[in-house]
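Please keep the sequence and the structure in view while reading.

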Amino acid sequence: MSEDLLKTHQKKYLRNEICYNQAVEFQMKDFFIAYAMAFNKKNNRSGSLFVNPFRRVRISDEVHLYQLIIYIHANTLKHNIYTEFQNYKWSSFQTILSEKKTILKREEVLDFFNGRNNFVKQHQIQSQYFYVCNHQME
């Protein structure tokens with residue numbers, strides 16, 4: 001492939017000037033821009049397609065990571081999308097618990113929670129406390 005056809009960030013990646021994560025971030029940005037432009041053209045509209053820009057949050061410690069994993073799975077409860085996050089079609093919760101092949105870091109996550117049973121138990125306890133009862137976080 002001719003380098004003339006590549007975007008600047010693709011060339012930088014090939015020259016090892018940016019890391020893989022940065023290259024993926026640029027590719028995702030390009031994808032969302034292209035998608036929004038195509039959607040706007042098809043629907044005869046203009047302007048932002050996504051309400052809020054995506055943002056990253058640096059995970060500061062293991063407690064933060066622990067809570068973040070539970071939040072990701074129980075997010076449907078917080079936003080009243082689905083009442084049983086364990087069975088939500090688009091969640092990775094069941095994938096973590098299954099034996100099917102996956103690209104997820106299943107064993108690392110389960111080890112982080114000290115096993116499958118504690119993974120399930122902590123999700124139940126934390127989701128009840130933060131997303132179901134009156135202690136709901138804002």
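## Confidence in the model

What is the mean pLDDT of the protein? The mean pLDDT (the predictor's confidence in each residue, from 0 to 100) is 86, and 92% of the residues reach 70 or more. Confidence is lowest in helix H6 (residues 116-132), with a mean of 88, and highest in H5, with 95. Helices here are DSSP runs of type H or I with at least four residues, numbered from the N terminus.

This is a predicted model, in which local features need pLDDT of at least 70 and side-chain atom pairs count only at pLDDT 80 or more, while totals for chains, interfaces and linings use all residues. Residues are numbered from 1 along each chain as its sequence is written, and side-chain values use heavy atoms, with hydrogens and water left out.

## The nonpolar patch

Tyr13, Leu14, Tyr20, Val24, Met28, Phe31, Tyr35 and Phe50 make a nonpolar surface patch of about 790 Å². A patch of this kind joins nonpolar side chains (Val, Leu, Ile, Met, Phe, Trp, Tyr) within 5 Å, from residues with over 30% relative accessible area and no salt bridge; areas come from the Shrake-Rupley method with a 1.4 Å probe, and for residues only the protein chains shown count as cover.

Helix H1 (8-14) and helix H2 (20-42) each supply at least two residues of the patch, and the largest share, five residues, comes from H2. Phe31 lies in H2 and is partly exposed, because its relative accessibility is 47% (buried is under 20%, exposed over 50%, partly exposed in between). Val24 also lies in H2 and is partly exposed at 33%.

## Salt bridges

There are three salt bridges, each a side-chain nitrogen of Lys or Arg within 4 Å of a carboxyl oxygen of Asp or Glu. Asp30 and Lys7 meet at 3.4 Å, N to O. Asp30 lies in helix H2 and Lys7 in the segment before H1, so this pair ties together parts 23 residues apart in sequence. Glu17 and Arg15 meet at 2.9 Å.

Arg116 forms a salt bridge with Glu99, their closest N and O atoms being 3.2 Å apart. Arg116 lies in helix H6 and Glu99 in the loop between H4 and H5, so the pair ties together parts 17 residues apart in sequence. Arg116 is partly exposed at 31%, whereas Glu99 is exposed at 68%.

Ser98 is found in the loop between helix H4 (93-97) and helix H5 (106-112). At 18% relative accessibility, Ser98 counts as buried. Leaving aside neighbours within four places in sequence, Ser98 is in contact (heavy atoms within 4.5 Å) with Arg106 and Arg116.

Note on methods:
Patches are made of residues with over 30% relative accessible area and no salt bridge: like charges are joined within 9 Å, nonpolar side chains (Val, Leu, Ile, Met, Phe, Trp, Tyr) within 5 Å. Buried means under 20% relative accessible area, exposed over 50%, partly exposed in between (1.4 Å probe, protein chains only).
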